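The sequence and the structure are shown first.

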Amino acid sequence: MASADQILRQALSKYRYADISRRDVTNAMTHFKDLRPDHDLFIFNDGNRKELLHLDGTIPVTYKGSIYNIPICVWIMDTHPYKPPMVFVKPTSTMQIKTGRHVDSNGKVDLPYLHDWRFPQSDLLGLIQILAIVFGEEPPVYSKQSQMTQSSSPNSYPGTGKYPGVLRQCIDPETTFNPFAAQAPIHGQGYNLDIFFQTMERFELDDIMNTLIEHGVDCVETFCSMTESDFKEIGLNIGQRRKCILAAEHIKNYGLNG
């Protein structure tokens, strides 16, 4: 069996930006070790065919406090990273696709992150991190079995609906659990504060809340409109900037009141 390096070398030999693509793919695989590279013929809707690199495997997703391994396939275009990849959920024989806002009946995934794709702000690692969050709130598959015995490394969701508790209509920041309330007087400005605080906690951004306030970022709308350059100007390091971009994407996707 060919090694991952051999597969990458062969698959990327005809890619326009092979070196950049290789670094991006390798970075994603380093963080999500169950993803493996391969290359196959992809047939587009217009009938065109191309030999493309793809990542196959599972990503860990947290749902109701338990971790599930969700099978996906990420097809990487030959103009990567300047054109977004295509993502599909690949259910096993024991799973059924659960269509929703982000997944159609064929398993194709549609996300704002893909529509807004722009290198170098967008990359495969950021995409997969967003997928893990989105799938944790709106499961893309469910078990065909009437009952599922969860193992230490399960591979499918229980057959339930949308993750509960998302986008509650009326949030009172005075009474809602808010680990940052004492240090961060953030205003919602049309966004759900509960979602904002949950997201900041999830991305481990509690240590930058005071920095945001000190630089006048005192409402969620402002935070969500900031670019990587804006975060750099207020002194955030590259890791913090990446987390902020991903957190803002998640908040824009799920945090609007309405």
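Is Cys244 buried or exposed? Cys244 is buried, with a relative accessible area of 0%; buried means under 20% relative accessible area, exposed over 50%, and partly exposed in between (1.4 Å probe, protein chains only).

## Basis of the report

The model is predicted: local features need pLDDT of at least 70, side-chain atom pairs count only at pLDDT 80 or more, and totals for chains, interfaces and linings use all residues. Residues are numbered from 1 along each chain as its sequence is written, and side-chain values use heavy atoms, with hydrogens and water left out.

## Overall organisation

The chain contains 9 helices and 6 strands. These elements are DSSP runs numbered from the N terminus, with helices (H or I) of at least four residues and strands (E) of at least two. Of its 258 residues, 45% count as buried.

Contacts are defined by heavy atoms within 4.5 Å. Among the contacts in the chain with a separation of 6 or more, 57% come from residues 24 or more positions apart. A further pairing across the sequence involves Ser143, which is found in strand S6 and counts as buried at 8% relative accessibility. The C-alpha atoms of Ser143 and Gln96 are separated by 6.3 Å, although the two residues are 47 residues apart along the chain.

Thr79 belongs to the loop between strand S3 (66–76) and S4. Thr79 is buried, with a relative accessible area of 18%. When its neighbours within four places in sequence are left aside, Thr79 is in contact with Arg16 and Tyr17.

## Cysteines

How many disulfides does a search of the whole structure find? The search finds 0 disulfides, a disulfide being a pair of cysteine sulfur atoms within 2.5 Å. For Cys219, the closest cysteine sulfur is that of Cys224, at 8.9 Å, which is too far for a bond. Cys219 is itself buried, with a relative accessible area of 12%.

Helix H5 (residues 193–202) is largely enclosed by the rest of the structure, because 7 of its 10 residues are buried. The buried residues are Leu193, Asp194, Ile195, Phe196, Phe197, Thr199 and Met200. Their cover includes helix H6 (209–214), helix H7 (220–225) and helix H9 (238–254).

H5 is followed by Glu204, whose phi is positive, near 55°.

## Salt bridges

A search of the whole structure finds 7 salt bridges, each being a side-chain nitrogen of Lys or Arg within 4 Å of a carboxyl oxygen of Asp or Glu. In one of them, Lys90 pairs with Asp56, and the closest N and O atoms are 3.2 Å apart. Lys90 lies in the loop between strand S4 (86–89) and strand S5 (95–97) and Asp56 in strand S2 (residues 49–63), so the pair ties together parts that are 34 residues apart in sequence. Lys90 counts as partly exposed at 41% relative accessibility, whereas Asp56 counts as buried at 19%.

Arg101 and Glu138 form another salt bridge through their side chains (3.2 Å, N to O). Since Arg101 lies in the loop between S5 and helix H3 (112–115) and Glu138 in the loop between helix H4 (124–137) and strand S6 (141–143), the pair ties together parts that are 37 residues apart in sequence. Arg101 is partly exposed at 43% relative accessibility, and Glu138 is buried, with a relative accessible area of 13%.

Glu204 also forms a salt bridge, with Lys243, the closest N and O atoms being 3.5 Å apart. Glu204 lies in the loop between H5 and H6 and Lys243 in helix H9, so this pair ties together parts that are 39 residues apart in sequence. Glu204 counts as exposed at 53% relative accessibility, and Lys243 as partly exposed at 30%.

## Cavities

On a 1 Å grid over the protein atoms alone, a cavity is a set of points where a 1.4 Å probe fits but cannot get out, and lining residues have an atom within 4 Å of a point. Grid points are joined across faces, edges and corners, and a volume is the space filled by probe spheres set on the points. By this rule, there are 3 cavities of 30 Å³ or more.

The largest cavity has a volume of about 60 Å³. Its lining includes Arg101 and Glu138, which are also paired in a salt bridge. Among the other lining residues are Lys98, His102, Val134, Phe135 and Pro140.

How values were computed
1 Å grid on protein atoms, 1.4 Å probe; cavity = no way out; pocket = protein on both sides within 12 Å on 5 of 7 lines; lining within 4 Å.
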